[in-house]
4 protein chains.
Amino acid sequence: LLTPRFALPVALLCASALAAVTVAARQSAPVAASRQNPALIEDLVYANRILANQGVVDGFGHVSVRDDKNPSHFLMSSSMAPALVTTKDILEYDLEGAPIDAAGRAVYLERFIHAAIYRARPDVKAIVHSHSPAVIPFGVTGTILRPVFHMGAFLGEGAPIFEIRDAVSGPTDMLISDNKLGDALAHALGGHAVILLRGHGSTAVGNSIQQVVFRAFYTEVNAKLQAEAMAVGKVNFLTPEEAAKASKNLDTLAARPWELWKAQIGKIK
Amino acid sequence: LLTPRFALPVALLCASALAAVTVAARQSAPVAASRQNPALIEDLVYANRILANQGVVDGFGHVSVRDDKNPSHFLMSSSMAPALVTTKDILEYDLEGAPIDAAGRAVYLERFIHAAIYRARPDVKAIVHSHSPAVIPFGVTGTILRPVFHMGAFLGEGAPIFEIRDAVSGPTDMLISDNKLGDALAHALGGHAVILLRGHGSTAVGNSIQQVVFRAFYTEVNAKLQAEAMAVGKVNFLTPEEAAKASKNLDTLAARPWELWKAQIGKIK
Amino acid sequence: LLTPRFALPVALLCASALAAVTVAARQSAPVAASRQNPALIEDLVYANRILANQGVVDGFGHVSVRDDKNPSHFLMSSSMAPALVTTKDILEYDLEGAPIDAAGRAVYLERFIHAAIYRARPDVKAIVHSHSPAVIPFGVTGTILRPVFHMGAFLGEGAPIFEIRDAVSGPTDMLISDNKLGDALAHALGGHAVILLRGHGSTAVGNSIQQVVFRAFYTEVNAKLQAEAMAVGKVNFLTPEEAAKASKNLDTLAARPWELWKAQIGKIK
Amino acid sequence: LLTPRFALPVALLCASALAAVTVAARQSAPVAASRQNPALIEDLVYANRILANQGVVDGFGHVSVRDDKNPSHFLMSSSMAPALVTTKDILEYDLEGAPIDAAGRAVYLERFIHAAIYRARPDVKAIVHSHSPAVIPFGVTGTILRPVFHMGAFLGEGAPIFEIRDAVSGPTDMLISDNKLGDALAHALGGHAVILLRGHGSTAVGNSIQQVVFRAFYTEVNAKLQAEAMAVGKVNFLTPEEAAKASKNLDTLAARPWELWKAQIGKIK
């Protein structure tokens, strides 16, 4: 189902936005405050590589984690394909989406997705934004993504869909390229685990890197299965009560595929 | 069709259930009684690796074999992703689903699927439980999975679908987490080779490891082909008589793909 | 589209049929008369490996070539998964499907597919029988497979479908397990390049190994595209005249993908 | 989605057309005028390999680049599978599609696709012709390919479909095998980025190798998503205004996946 080599890019770089942050020309390794916590950075690098390896992201998409030493900062790579991220590429950002020290690196235009959700949701510790393919048809047809099976139980009563046309007047380039759009997205997300962006992609949140990677992966799987099931007949989804009970179990499970996915990547640098 | 890197997890770990069996803290290799039969354990490890490699299981799912020295015991790995299982991870269980010596290892919550079927079906020597993706749409739409071609002939007149809502009152977490639910599942399975679990996955049984792996694989293939055929037109399934005759032939065939699948894995440890 | 690791098996071994040919118990290398032409045998081994690598066959399926030194004989491997075939596994058969010297090896039950077509079609030099997945839905729904694009032009005005129920009275095991069934299949094939077998698979013929591998591969591709196109709208197929003209061009083209496919396999033994 | 090992061939070799250009028998390396610009040739070789690796081309298909030293010439490999192209295989052509020095190599019959578009569109610097699979159903059903999400924004208000039956009287072999057909195709392309060829494939154009590879890849992705979305419900496409704004952003983005795709290939020769 998930053919690894591609999902769908997202973080479209805006030249002007980049100009503001790529002051320094040198390409030295940035110094993240959380460099004191190398385990967190290593997990973040694995998250990048795993999401690429599993087909949730392709050349585009990004994953972040809230700084466990400083909850008003978060960590995310500089602007590059997730499959190529190493520990030296991790930058630190404040909750307005500004890099603390970009060290001359380009940053993702859509870093405001992350900043806005961390501002709005203190419970959220990690975020994935992707264009994973099976999810796109749901956003553009207004079809609600719901749990087809227990592995998608975190979808609860269904994931909301963000319509950027409702957030600003006039046509946009579809991107969450500033804090105002980020706030509108975070508002639409509410307390959900996943939100779809019409004509763009989706965003998953979690209380850890492992949980958010699990959710991003099974959001894609559930979407594919739901579309296939809809073609076969009328779908008997998990009830909200079944979803709530199954979702609690999922919270204890993120470690198992995580170990497998790490083993498939091998050692990182 | 079967993209190897994932199918759909199943054995959701229940913390309380685990507590009961992970008494010892050490992570030494358990001692299975059938360690006297290393060939059986090696085949079981291959079954784990093959099912992962062929996309029938992903980070979740499990396969067991009845102990050929002691038919009231069965063998299955400790709780982990099937792709990572080695001979040292194989545990022995009694027919109530209790591990004989877990040696500090966590065990699959859904071991009761295996225990209950071995209790009810003396002819069954091996069992696979998976969330293989193409099968899910059939369970959630109540569409009967039937043999589209001779390789799915073991589906006979169609695989039954287990509805957990019929087995207990009130909402569940969808899992077969005790012997009562296991018995209800085994009852629904009856004399069939395969049963679907609505909103969860499926379970295949066989008279050997090779046969059950063959069946789990071609259940997934048949499901994908049946869904595609239903989209093209009215399906002319194998008649029950054709299925019965073709199924007898299949019983002589499990060795051929098994050799191929083993060769694709290479040496195991 | 074609995920390499599987297509759909075919040559179901019939124990009694095997008994007749596996007289010798030794597993030595058989001596094919065409061993004087090692290039032909090498191409046949590549054909086995390529068909497996491209997902046209999985653990089952087989490919043969008419002996260029003796047109009343043909070459085909002993009974095994095509991906594992080496030059030492090639056997020689007469046009009744009897092995000249099986050297103790098991032979494919459905060798009569090959024998019957070589008897009926002197122009045919090579044959592939497979269960390639996208083709199955057409056979079981009675939907005619027609050229969606120029690469499927050899399908002409559409591939015929063989219904085994019309060839014998009473239910069968679906297999072409004797010369009478082989003759019925060859009759249904007529002058076509490809025939579908309801609930079973398909068979392609060609004037060379390269051409038949090309046709088996693009039969699968065309089937997948035709099913997808039918889901999108009314399909504007190649006219018979366009198919005839495009098909002539295809005859000059089999060398290009053949070189690529061989390179993907590397050296064989 | 994009399974790498195949897309759909295109450049059908016409023996008579080839005869005209393969005068010399020797297979030495041709001397391209742009050999003074090895970076351009290296990028062209990467483009061949990337398109094969990403499943946009299989044994067939071709990519060209306008000579940056001489805009009335263009570079393209000799007739071979794109996955096997090396720097030594790059030939130089004039704008009539004639090779400057074929050095005994066979050339693509459909080189006139490239020649005609370079003649008609001075802004075009690179061209991809492929049979990438998800696009075929749109051409044969007359369904307009439109941007489902921002990554397909270059499709604008929809890609035109070329019907070869409108360009010449009487049936054809479907190929763009001379300059007259090339001109008809270029006329139908107009100012668009992509054109579909009914029963054949598609052609993308760009202002650089990176851009045209990006467009060829995301044309395939968008086609797959659009077909899937149409099966789920009524599709809310990007408006022409959204597509225009998003497309501008895409123009700044081709470098990111390009770096990833090159890294997946590794060093070339």
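This is a predicted model: local features need pLDDT of at least 70, side-chain atom pairs count only at pLDDT 80 or more; totals for chains, interfaces and linings use all residues.
Rings of Phe, Tyr and Trp (its six-membered ring) count as a pair if their centres lie within 6.5 Å.

**Entry 1: aromatic rings**

I started with the ring pairs and got 24 of them over all chains. I picked out A:F60 with D:F214: the centres are 6.4 Å apart and the planes sit at 80°, so I logged the pair as edge-to-face. Next I checked where the two rings come from. A:F60 is in the loop between α2 (38-53) and β1 (62-66) of chain A, while D:F214 is in helix α6 (residues 209-232) of chain D, so this pair joins two chains. Buried or exposed? Both A:F60 and D:F214 are buried.

I then looked at C:F214 and D:F60. Their ring centres are 6.4 Å apart with the planes at 80°, so this pair is edge-to-face. It runs between chains, with C:F214 in helix α6 (residues 209-232) of chain C and D:F60 in the loop between α2 (38-53) and β1 (62-66) of chain D. I looked up the accessibilities too: C:F214 has 2% relative accessibility and counts as buried, and D:F60 has 0% and counts as buried.

Back to A:F60, to see which rings it connects with. Ring pairs tie A:F60, D:F214, D:F217, D:Y218 and D:W261 into a cluster.

**Entry 2: where chain B meets chain A**

I counted 39 residues of chain B in contact with 39 residues of chain A. The area buried between chain B and chain A comes to about 3,100 Å², and carbon and sulfur atoms give 66% of that.

How many salt bridges cross the interface of chain B and chain A? The rule finds two. I wrote down one of them, B:R198 with A:E242, where the side chains meet at 3.0 Å, N to O. Across the interface of chain B and chain A there are also nine residue pairs in polar contact, with both residues at pLDDT 80 or more.

I wanted to know which helices of chain B are involved. α4 (136-141) and α6 (209-232) of chain B each supply at least two residues of the side that touches chain A. α4(B) gives the most to that side, with four residues. By type, the residues of the side of chain B that touches chain A split into 24 nonpolar, nine polar and six charged.

**Entry 3: helix α8 in chains B and C**

I went through α8 (residues 255-265) of chain B for buried positions and listed B:R256, B:P257, B:W258, B:L260, B:W261, B:K262 and B:I265. What do the buried residues of α8(B) pack against? They pack against α2 (38-53) and α6 of chain B. After α8(B) comes B:G266, with a positive phi near 85°.

In α8 (residues 255-265) of chain C, the buried residues are C:R256, C:P257, C:W258, C:L260, C:W261, C:K262 and C:I265. Their cover includes α2 (38-53) and α6 of chain C. C:G266 follows α8(C), and its phi is positive, near 85°.

**Entry 4: a histidine pair**

B:H62 has a relative accessible area of 1%, so I marked it as buried. Which side chain does the side chain of B:H62 make a polar contact with? I found B:H114, at 2.9 Å.

Notes:
Residues are numbered from 1 along each chain as its sequence is written. Chains are lettered from A and ligands numbered from 1 in the order in which they are written. Side-chain values use heavy atoms; hydrogens and water are left out. Contact means heavy atoms within 4.5 Å. Buried area is the accessible area (1.4 Å probe) that two parts lose on being put together, summed over both. A salt bridge is a side-chain nitrogen of Lys or Arg within 4 Å of a carboxyl oxygen of Asp or Glu. A polar contact is a pair of N or O atoms within 3.5 Å; within protein, one must be able to donate a hydrogen and the other to accept it, and residues adjacent in sequence count only if both atoms are side-chain atoms. Ala, Val, Leu, Ile, Met, Phe, Trp, Tyr, Cys and Pro count as nonpolar, Asp, Glu, Lys and Arg as charged, and the others, Gly among them, as polar. Rings of Phe, Tyr and Trp (its six-membered ring) pair if their centres lie within 6.5 Å; planes under 30 degrees apart count as stacked, over 60 as edge-to-face and the rest as tilted. Buried means under 20% relative accessible area, exposed over 50%, partly exposed in between (1.4 Å probe, protein chains only).
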